[in-house]
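Please have the structure open as you read.

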Amino acid sequence: MEFDIIQFVANSLSLITILSCLFLKVPQIMYIREKRSAKGLYAQAMLLEISGFTIMILYNYTNNYNVLTYLEYPIIIAQLYVLIYYVLKYNNLMNLPIVPLATAIYFATVFGFVLGIIPKEVLEYMVPLNTPLSGFAKVTYIIGIVKSGNAEAVSLTTWTISLLTNLSRLFTVYVDSADTYLLINFMVSSLLSFGVLSTAFYYKRTAPPPPVTQRRRSKSYGRHHHSHAD
């Protein structure tokens with residue numbers, strides 16, 4: 001009876017986590033599209049994120065784990081594909097020859113694991129690398145914010161959801177499989193998501209106000225223009 005209650009709570013948290021991730025990266029995507037700028041965002045960080053999420057999807061899938069414990073990964077990774085497209089586009093990197101080549105290699109590898117062409121045992125060696133991969137991705141986000149001194153393109157909503165979903169996954173994974181690799185990954189990911197969130201929050205709070213000189217010039221120009229017309 002007690003186990004059934006715990007399992008029910010875990011499944012409920014999983015559903016909440018999945019639903020909250022439906023729009024995880026959307027605020028960031030919308031902001032970049034609106035401003036036509038990806039300042040403070042590094043494509044390298046997103047590539048590391050995509051690599052980490054891909055490893056976790058394949059590891060869970062090939063081990064036949066409960067789909068509710070990792071369904072948010074495909075949802076997030078689809079949004080990351082869109083996000084990295086805009087980051088590459090607005091950083092003028094889309095025309096690099098490495099982009100189509102890396103894309104082809106990536107999808108060939110994914111289908112290799114899904115179809116069983118590449119042995120799933122390889123993933124057991126890759127999963128321990130996921131924690132430093134994911135960690136380095138978030139550290140790169142923090143470095144990007146600090147170096148640019150700008151957190152405008154970083155969505156606080158996105159990283160708040162990221163922190164909460166990682167914390168909920170600690171519980172759901174423990175109940176479902178207690179997989180040590182996954183638990184360590186979510187623990188480290190929670191700490192670093194908090195790091196990105198707090199860094200972005202700090203730089204948004206301390207960002208200098210927009211310059212008033214331009215507004216004053218436009219006002220003075222308007223006055224001069226009207227007086228001249230009179």
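The count comes to 1 cavity of 30 Å³ or more, where a cavity is a set of points on a 1 Å grid over the protein atoms alone at which a 1.4 Å probe fits but cannot get out. This is a predicted model, in which local features need pLDDT of at least 70 and side-chain atom pairs count only at pLDDT 80 or more, while totals for chains, interfaces and linings use all residues. Residues are numbered from 1 along each chain as its sequence is written, and side-chain values use heavy atoms, with hydrogens and water left out.

- The largest cavity holds about 270 Å³ of space, a volume being the space filled by probe spheres set on grid points that are joined across faces, edges and corners.
- Its lining has 24 residues, and Phe53, Tyr73, Lys138, Asn166 and Ser189 are the closest to the centre; lining residues have an atom within 4 Å of a point.
- H7 (156–176) supplies at least two residues of this lining and gives the largest share, 6 residues; helices are DSSP runs (H or I, at least four residues) numbered from the N terminus.
- By class, the cavity lining has 9 nonpolar, 10 polar and 5 charged residues (Ala, Val, Leu, Ile, Met, Phe, Trp, Tyr, Cys and Pro count as nonpolar, Asp, Glu, Lys and Arg as charged, and the others, Gly among them, as polar).

**The pockets**
- The largest pocket has a volume of about 640 Å³; a pocket is an open set with protein on both sides within 12 Å along at least five of seven lines.
- Of the 25 residues lining the largest pocket, Leu47, Ile84, Ala102, Thr103 and Tyr106 lie nearest its centre.

**Aromatic rings**
- There are 10 aromatic pairs in the structure (rings of Phe, Tyr and Trp, its six-membered ring, with centres within 6.5 Å; planes under 30 degrees apart count as stacked, over 60 as edge-to-face and the rest as tilted).
- The Phe53 and Tyr73 rings have centres 5.4 Å apart and planes at 50°, so the pair is tilted.
- Phe53 in helix H3 and Tyr73 in helix H4 are 20 residues apart, and both are buried (under 20% relative accessible area, 1.4 Å probe, protein chains only).
- Ring pairs link Phe53, Tyr73 and Phe186 into a cluster.

Key: Buried < 20%, exposed > 50% of the residue type's maximum accessible area, 1.4 Å probe, protein only.
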